[in-house]
Amino acid sequence: MKKKILKEVKNTFHQLYKTTPLLIFSPGRINLIGEHTDYNDGFVFPAAVNKGIFMAIQKSDSDSCKAFAIDKNKMYAFNLTSLERIPKGGWRNYIIGVAAEVQKLGITLGNFNIAFSGNIPTGAGMSSSAALENSLVFALNKLFKLNLSRSEMILVSQKAEHNFAGVKCGIMDQYASMFGEKKSALLLDCRTVTSTSYKIDFNNYKLLLINTNVKHDLSESAYNDRREVCEKVSEMLGVKALRDAKITDLEKLKNQVSEEDFKKALYVIEENLRVQQFSRAIEKNDVNMVGKLLYQSHNGLSNMFKVSCKELDFLVEQTVNNSAVLGARMMGGGFGGCTINLIEKSAIKEFKKDISKRYQKEFDKSCSIYEVKLAKGTRIINNV
Ligand code: GLA
């Protein structure tokens with residue numbers, strides 16, 4: 001699969017631009033636990049996966065840059081001297097966003113051509129956008145010998161997302177995609193932006209993703225709204241971020257904030273504690289606790305932070321009485337995308353059949369189910 005995509009990217013690049021490219025792979029990510037905690041300076045527990053963006057790049061002698069999105073069969077030409085956010089610009093904003101944010105560092109880029117393709121299901125909440133941003137910043141860094149560190153590169157990617165895609169995201173997706181490690185997840189402290197890696201092996205259990213195949217429109221505006229609420233409450237609490245708040249501090253504010261905002265802030269404080277409990281459960285190989293925390297996280301995301309949707313809730317509810325599933329929750333920003341499930345290996349086949357049927361019956365559409373491998377972060381992959 002990987003070889004096939006790579007070949008296609010390389011060949012397409014050659015046909016379009018008649019030069020031999022540098023090839024980069026940048027992975028998507030899953031997140032074990034810690035949702036909406038990253039922009040609160042808190043903890044998250046993501047892992048890069050073996051699906052992502054494959055990008056070919058080379059310098060260009062022409063007077064503009066060209067980007068070809070193979071999966072969409074769309075070419076976009078742009079000039080490095082006039083980069084501005086394109087309203088509803090989709091993938092193009094990630095590309096020009098990265099180029100613009102690199103230049104904001106005082107770096108003058110030369111023109112370049114790219115072609116890219118991916119195998120992350122779009123809208124799955126597996127950060128295809130961070131993978132695209134990271135693949136380009138990494139590619140530019142190599143091509144023009146910019147000497148940016150991985151830590152500097154993810155900040156470029158994040159700023160592209162803020163200023164061009166318009167989503168005020170945290171650092172989790174870009175970090176996981178850039179720094180991922182084989183068979184491991186990263187317990188990331190989003191304040192210090194440093195992580196500890198944990199080998200992930202749940203013995204007889206496995207992580208399984210179920211994609212609702214929906215992405216409700218609300219997702220971007222609601223994301224920024226949630227961030228604003230968190231910032232407002234932390235300001236009222238007199239702390240830098242909700243990571244610094246205790247539940248007892250928040251309770252003192254109860255009469256000054258709306259019930260909705262109170263619940264949202266409480267969710268963040270609790271979720272941040274859950275991430276730390278989760279890491280201890282992994283250290284102890286306590287899969288039951290891991291599962292329990294997943295359910296608690298979903299409950300908070302759905303009922304307190306209010307970023308779930310009926311499709312995600314349905315998929316999680318369907319697992320509650322299934323003894324082969326230890327835990328499940330929605331993953332990522334919310335309003336669609338995937339649930340992540342911890343399930344007994346021997347029950348996977350039967351479970352897949354059963355949940356697919358139920359989902360189809362309930363929503364008159366199909367869900368998709370993926371088993372993913374935890375993989376290394378952004379890298380050069382020229383040897384095909
Ligand atoms: C999106 C954002 C991340 C993070 C998650 C929610 O994926 O890009 O920064 O906030 O949502 O945990």
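Residues are termed buried when their relative accessible area is under 20%, exposed when it is over 50%, and partly exposed in between (1.4 Å probe, protein chains only). The structure is a predicted model, in which local features need pLDDT of at least 70 and side-chain atom pairs count only at pLDDT 80 or more, while totals for chains, interfaces and linings use all residues. Residues are numbered from 1 along each chain as its sequence is written, and side-chain values use heavy atoms, with hydrogens and water left out.

Helices (H or I, at least four residues) and strands (E, at least two) are DSSP runs numbered from the N terminus. Helix 2 comprises the 13 residues 91-103. Eleven of the 13 residues of helix 2 are buried: Trp-91, Asn-93, Tyr-94, Ile-95, Ile-96, Gly-97, Val-98, Ala-99, Ala-100, Glu-101 and Val-102. The cover over these buried residues includes strand 3 (46-59), strand 4 (65-69), strand 5 (74-78), strand 6 (112-118), helix 3 (128-143) and helix 4 (150-165), contact being defined as heavy atoms within 4.5 Å.

The domain assignment, whose bounds come from an automatic or database source, gives domain 1 (2-199 + 375-380) and domain 2 (205-370). The centres of the two domains, taken over C-alpha atoms, are separated by 26 Å. Domain 1 contributes 34 residues to the contact and domain 2 contributes 42 residues. Buried area, the accessible area (1.4 Å probe) that two parts lose on being put together, summed over both, is about 3100 Å² between domain 1 and domain 2, with 61% from carbon and sulfur atoms.

Four salt bridges are counted between domain 1 and domain 2, each a side-chain nitrogen of Lys or Arg within 4 Å of a carboxyl oxygen of Asp or Glu. Arg-191 forms a salt bridge with Asp-244, with the closest N and O atoms 2.7 Å apart. On the side of domain 1 that touches domain 2, two or more residues each come from strand 1 (22-31), strand 2 (43-44), helix 4, strand 7 (184-189) and strand 8 (194-199). Strand 1 gives the largest share of that side, three residues.

Ile-282 lies in helix 8 (residues 259-283) and counts as buried because its relative accessibility is 12%. Beyond its neighbours within four places in sequence, Ile-282 is in contact with Leu-32, Phe-45, Tyr-198, Lys-199, Ile-200, Phe-202 and Val-290. The C-alpha atoms of Ile-282 and Asp-201 are 8.9 Å apart, although 81 residues separate the two along the chain.

Note on methods: Expected span 1.5 Å × (residues − 1).
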